[in-house]
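Below is a short report on one protein chain.

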Amino acid sequence: MPTKRTLAAFAAAAALGLPSFAAAQEYTIGVSIPAATHGWTGGVNFHAQQAKERLESLYPEVSITITTASDPGGQANDLEDLVSQRNIDALVVLPFESGPLTDPVRRVKDAGVFVTVVDRGLEQEGIEDLYVAGNNHEMGRVSGEYIREQLDGQGDIVVLRGIPTVIDEERVQGFQEAIEGSDINILDMQHANWNRDDGFEVMQDYLARFDRIDAVWAQDDDIAIGVIEAVRQAGREDELFIVGGAGMKDIIRRVMEGDDLVPVDVLYPPAMIATAMDLTVQHFVSNGPVVGQYILGSPLITQENAEQYYFPDSPF
């Protein structure tokens, strides 16, 4: 797929009587992501920069510009600048929020740009050429299956949900399906907003109200950090275990070290941004089409395999 820059080079070569194959094909890719406002997006920023350096080294004809935004309005402005000032051939975007970014991304697509959407889908389907995301339903299912197995199908648990979103609902649905038919009792289920402070406060409330808790599904590693602190302050580490999710390096290290309080984690990788960038570049440099959906798995991270998911230099 020739770029606007390539077509201009062909025209110039023809005007000068030069062979058109002398024109070098160059591709500019814009990457628009949220700023590192919490742990997971910090990991997204880290892996985006790592992918930029690797891909530009592998493909000298590819130039990648990364922009970060702290709110939807700022991200919409970034998209406009990427088209008007950077003249991008492709956009990789992880929307700050789905609704406010749907029209701005549509305008990028209408400008003839190849669009890859990551993680948070747009409100209107079909705008993007490529969609890359984690499997939220599977993340909940894997968590539920592990807790069910470890408790032999019976016990009292508490659940800390994320932000009220479709993503959260998909995770909870997968979890509930996994424990359906067992004698596992959910004592309470509250939102902790993928935030360690909220996780701490919700877990403190649970610990005050329930004399027995066999396991905790924290859904997210930022939440899990708050839960761990609440449990330790209450001195109840020996009675329960915690299952989080995402792949935070602090949690992965605990799993690697055999921490009984945090025996496993479930992957929802911030490195999915790198996967999206890789696939977008392949759309231009390979012979095969790169379109459709690419949904990553959510494997159970155990002490045996944790090392392959541990990135010590990442902020997350």
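The text starts with the basis of the model and then goes through these elements.

The model is predicted: local features need pLDDT of at least 70, side-chain atom pairs count only at pLDDT 80 or more, and totals for chains, interfaces and linings use all residues. Residues are numbered from 1 along each chain as its sequence is written, and side-chain values use heavy atoms, without hydrogens and water.

Helices (H or I, at least four residues) and strands (E, at least two) are DSSP runs, numbered from the N terminus. An open sheet of 4 strands has the order 7-6-8-9 with parallel pairing, where two strands pair if DSSP finds at least two bridges between them. Strand 7 (183–191) and strand 9 (241–243) are at the edges with a single partner strand each, so one side of each lacks a neighbour in the sheet. Strand 8 (residues 215–217) is joined to strand 9 by 3 bridges, and Trp-217 has Val-243 as its bridge partner in strand 9.

Two helices lie on this sheet, touching the strands tabulated here (contact means heavy atoms within 4.5 Å). Axes are lines fitted to C-alpha atoms, for helices over the stretch in contact, and angles run from 0 to 180 degrees between N-to-C directions.

| Helix | Strands | Angle to strand 7 |
|---|---|---|
| Helix 6 (residues 166–179) | strand 6, strand 7, strand 8 | about 165° |
| Helix 7 (residues 196–209) | strand 6, strand 7, strand 8 | about 135° |

In helix 9 (residues 249–256), Lys-249, Ile-251, Ile-252 and Val-255 are buried, meaning under 20% relative accessible area with a 1.4 Å probe, protein chains only. Their cover includes helix 8 (221–234), strand 10 (265–266) and strand 12 (300–301). Gly-258, which follows helix 9, has a positive phi near 75°.

Technical notes. Buried < 20%, exposed > 50% of the residue type's maximum accessible area, 1.4 Å probe, protein only.
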